[in-house]
Amino acid sequence: MTELRQTALEILAMTDPQIKVGRIFQLFDGYQQQDLKIDSAAIYDYSNLRLPGRPQKPELVPPLDVPKRKMDTVEGRASLLHSLAHIEFNAINLALDAIWRFPDMPEQYYADWLKVAKEEAYHFTLINEYLQAIGYSYGDFQAHNSLWEMVERTQDSVIARMALVPRTMEARGLDAVPMIRDRFKQIKDARAVEILDIILRDEIGHVSIGNYWFNYLCDKAGLSPISIYRDLARQYRAPKLRGPFNLDARKQAGFTVEELGLLGL
């Protein structure tokens, strides 16, 4: 019987986005059909793998070197959509990494992150298919790697990963997606708006999963979520949060009133 965590590692190392996406859908279906086992205690050797697997393009550059995206041309709109596709591709990889890397978590933890991987793969597919419909594809524009850099920084600690990737880096998407959606609304691009509504809905759930497991780990260790978050953000050099914030979406994703009150401080 196939083991979920080892298979997640194998898929993470795959470089072709379409093959990676297809394998994730198969893995999710296999778990739903109870064709997979989960070995939560296993420690896997990845020394012979290059992680994450990614295609030769897009070219990765520092965030400030990514060209500004204007909405008054098809190319500009494609560039903005491409940046979202790149975020979703990285989010696929981070969900797979959360599955294989961290042992000794409850089975529901691995099931939750498999669901995230499947939904991120769906988002990537939606955006890339739309890009192709307007004459472009994933890899056609430069992109940056800041999301994955935080994944790498937190590879030694599951509580740091939960604190600083889903509920910090990905939570920024809850703030940004509505503004991007409004830009596409202004030019009456109904398909882009529809895709972004799907992404926002699902990302609330993904951040909620991060919040749940962060608080689970805090409770298990007897830690104050607010205090340990501050410590982890400083230790792992998390970016400072800057508004405007989508407080309603963040509340839906499980942030407490106290946490919301501290945003930006």
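1. R181 is buried, because its relative accessibility is 17% and buried means under 20%. This is a predicted model. The side chain of R181 meets that of D182 in a salt bridge, at 4.0 Å from N to O. D182 is partly exposed, with a relative accessible area of 35%.

2. R201 and D202 also pair. Their side chains form a salt bridge of 2.9 Å, N to O. D202 is buried, at 9% relative accessible area. R201 counts as exposed, at 53% relative accessibility.

3. R167 and E259 form a salt bridge between their side chains, at 2.8 Å from N to O. This pair links distant parts of the chain. R167 lies in helix 6 (residues 158-186), and E259 lies in helix 10 (residues 257-261). The two are 92 residues apart. Both R167 and E259 are buried.

4. Salt bridges also join D97, R101 and R161 into a network. The whole structure has 10 salt bridges.

5. Now the helix packing. Helix 1 (residues 4-12) and helix 2 (residues 17-32) have axes that come within 10 Å and cross at roughly 170 degrees. Helix 1 is therefore roughly antiparallel to helix 2. The crossing of helix 1 past helix 2 is left-handed.

6. Which residues in helix 1 and helix 2 meet? Helix 1 brings L4, T7, A8, I11 and L12. Helix 2 brings K20, R23, I24 and L27. The residues of this contact divide into 6 nonpolar, 1 polar and 2 charged.

Note on methods: Residues are numbered from 1 along each chain as its sequence is written. This is a predicted model: local features need pLDDT of at least 70, side-chain atom pairs count only at pLDDT 80 or more; totals for chains, interfaces and linings use all residues. Side-chain values use heavy atoms; hydrogens and water are left out. Axes are lines fitted to C-alpha atoms, for helices over the stretch in contact, and angles run from 0 to 180 degrees between N-to-C directions. Helices (H or I, at least four residues) and strands (E, at least two) are DSSP runs, numbered from the N terminus. Angles under 35 degrees count as roughly parallel, over 145 as roughly antiparallel, 65 to 115 as roughly perpendicular and the rest as oblique. A crossing is left-handed if the near helix is turned anticlockwise from the far one by less than a right angle, and right-handed if clockwise. Contact means heavy atoms within 4.5 Å. Ala, Val, Leu, Ile, Met, Phe, Trp, Tyr, Cys and Pro count as nonpolar, Asp, Glu, Lys and Arg as charged, and the others, Gly among them, as polar. Buried means under 20% relative accessible area, exposed over 50%, partly exposed in between (1.4 Å probe, protein chains only).
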